[in-house]
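This briefing is meant for a reader meeting the structure for the first time. Please keep the sequence and the 3D view at hand while reading.

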Amino acid sequence: MAHIVVLGAGVGGMPAAYELRAALGKEHRISVVGDGPRFAFTPSNPWVAVGWRKPDDIGFEVAPYLAKKGIEFRDQPAVEIKAAENALVLEDGSTISYDYLVIATGPRLAFDEIPGFGPAANTHSICTTPHAVEAWVAYQQFLKDPGPIVVGAAPGASCFGPAYEFAAILDADLRKRKLRDRVPMTFVTSEPYIGHMGLGGVGDSKGLLEAEFRQRHIKWITNARPTEIRANEISVTEMDAKGQPLTEHTLPFKYCMMLPAFTGVDAVRKVEGLCNPRGFVLIDKHQRNPKFPNIYSAGVCVAIPPVEATPVPTGAPKTGYMIESMVAALVHNIQSELAGHEPREVATWNAICLADLGDTGAAFVALPQIPPRNVTWAKVGKWVHPAKVVFEKYFIRKMKTGNTNPVYEKYVLRALGISRLKAGPNVVES
Ligand SMILES: Cc1cc2nc3c(=O)[nH]c(=O)nc-3n(C[C@H](O)[C@H](O)[C@H](O)COP(=O)(O)OP(=O)(O)OC[C@H]3O[C@@H](n4cnc5c(N)ncnc54)[C@H](O)[C@@H]3O)c2cc1C
């Protein structure tokens, strides 16, 4: 019998646990170790921050649902990974040993990289649901006495989509409230151009998102390096194409939400030889750590090099479907290893993203996500907003039922040529 421990009960960890359960015989034990009792559907956080969702709409306590599938849950964050001893030390001092470890711990939010940054200082965040709740409280105060808004993403950020979404959602919400005329808005981003998104663009994402921002009177500063954020004011150095200072800006604000750079979480980043210098888990093409081959990883916590050098550093995003493809590969590979074979499955890292823009949206398909690509497609349309609402309900239901690869995904996406695993002589799609 093998014990497989999944670290992190998020968008990567929950499907990993369910898919491991479905793939492995009952003789194998599967546990999830979480930091808190709840799953939260992070992509809905921007809606929580404007009061369009309550935290209970987008999350639930995981233990009973995992238990139905025979998966144990420990609500105790890991504080140390003793990789050489195949054991985790949890916050309560207990240890849990494993034969295989799946790290799906998501990001640590690096607010400490800019003075005055983050919800403990002068800006709001939508990165976690508790942050989004705080942002909603502040937004309600803001609505009583509106003024300038700054939204954006910091140097080293890799997750740009939610910044675009939040700027457009705020714009849509303020228009509905007939307050938009009192709110100058500026988008401040480390990207070299609008729509780059850490990906060198997807199709004409530059043209599409610039047009959206122009239509919505949202000004922007690209190649932006915020130097300090004070209460109600941000100092930003705009860099030129060579990464040299070009223009200094001081922007007043009454409400500011900026996405930070990510690093690996402490318990993961301090393991010698497991991670790159930013604390992201090093993996081979089979999602397996080269130094500790019984450690696999999926999600935001894995190390992926930036798509291209940019004047201000940007990272490559790890999006939901890409994460699901990482999960599919690692589940098959652990299954192979338990059967005495070498891992052989490789994730496609395809991306299908729906970015909600409040009353419309942008859809992106990038196969694979990292260029050069076989397929690139981007479109703005009103249908994206309801489609994202449907996807939210669908994903949360999937995380409750444990049916992680329903018929729709298996056949419809495959008919569209979108699969989670790279085709090859030995490959069986999950
Ligand atoms: C605001 C926002 C919106 C996004 N929207 C989209 C979108 O629309 N589409 C898309 O494709 N992608 C989106 N993403 C990107 C990505 O899909 C999400 O970030 C996704 O949640 C990443 O999944 P994950 O499992 O890597 O991390 P998470 O879902 O964050 O899960 C990590 C889990 O690990 C837990 N954890 C951390 N440390 C420990 C520890 N020491 N011990 C135990 N547990 C621990 C955390 O509490 C958390 O539950 C968005 C990201 C953000 C931040």
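Strand E6 (residues 78-82) and strand E7 (residues 87-90) run antiparallel and are joined by four bridges. As this is a predicted model, the points below describe computed features, grouped by topic.

**The hairpin**
- E6 and E7 form a hairpin in which four residues lie between the strands, and Asn 86 in that turn has a positive phi of about 55°.
- Within this pairing, Ala 78 has Leu 90 of E7 standing opposite.

**The parallel sheet**
- Four strands, in the order E13-E12-E11-E17, make up an open sheet with parallel pairing.
- Strand E13 (218-221) and E17 are found at the edges with a single partner strand each, so that one side of each has no neighbour in the sheet.
- On average, and with direction ignored, neighbouring strands of this sheet are turned by 15° against each other.
- Strand E12 (residues 185-189) pairs with E13 in the parallel sense over four bridges, and Met 185 stands opposite Ile 218 in E13.

**Helix H5**
- H5 lies across strand E11 (149-153), E12, E13 and E17, and runs at about 160° to E11.
- The 16 residues of helix H5 (residues 161-176) should span 22 Å at 1.5 Å a residue, and this agrees with the 23 Å that separates its end C-alpha atoms.
- Because 14 of the 16 residues of H5 are buried, the helix is largely enclosed by the rest of the structure.
- Lys 178, which follows H5, has a positive phi, near 60°.

**Helix H4**
- Helix H4 (residues 129-144) has 16 residues and reaches 23 Å from its first C-alpha to its last, which is close to the 22 Å expected at 1.5 Å a residue.
- The residues Thr 129, Ala 132, Ala 135, Trp 136, Tyr 139 and Phe 142 are buried in H4.
- They cover an arc of only 120° around the axis, and therefore lie on the same side of H4.
- Val 137, Gln 140, Gln 141 and Lys 144 are exposed, and they sit on the face of H4 turned away from its buried side.
- The cover over the buried residues of H4 includes strand E3 (38-40), helix H2 (45-49), strand E4 (59-61) and strand E17 (255-259).

**His 249**
- His 249 is found in strand E16 (residues 245-252), and it is partly exposed, with 14 other C-beta atoms within 10 Å.
- Leaving aside neighbours within four places in sequence, His 249 is in contact with Ile 221, Val 236 and Glu 238.
- Pro 226 is 23 residues from His 249 along the chain, and their C-alpha atoms are separated by 9.1 Å.

Note on methods: Residues are numbered from 1 along each chain as its sequence is written. This is a predicted model: local features need pLDDT of at least 70, side-chain atom pairs count only at pLDDT 80 or more; totals for chains, interfaces and linings use all residues. Helices (H or I, at least four residues) and strands (E, at least two) are DSSP runs, numbered from the N terminus. The expected span of a helix is 1.5 Å times one less than its number of residues. A residue is buried if 20 or more other C-beta atoms lie within 10 Å of its own, exposed if 12 or fewer, and partly exposed in between; C-beta atoms are placed from the backbone. The arc is that of the directions from the helix axis to the C-beta atoms. Two residues are in contact if their C-beta atoms, placed from the backbone, lie within 7 Å. Two strands pair if DSSP finds at least two bridges between them. Axes are lines fitted to C-alpha atoms, for helices over the stretch in contact, and angles run from 0 to 180 degrees between N-to-C directions.
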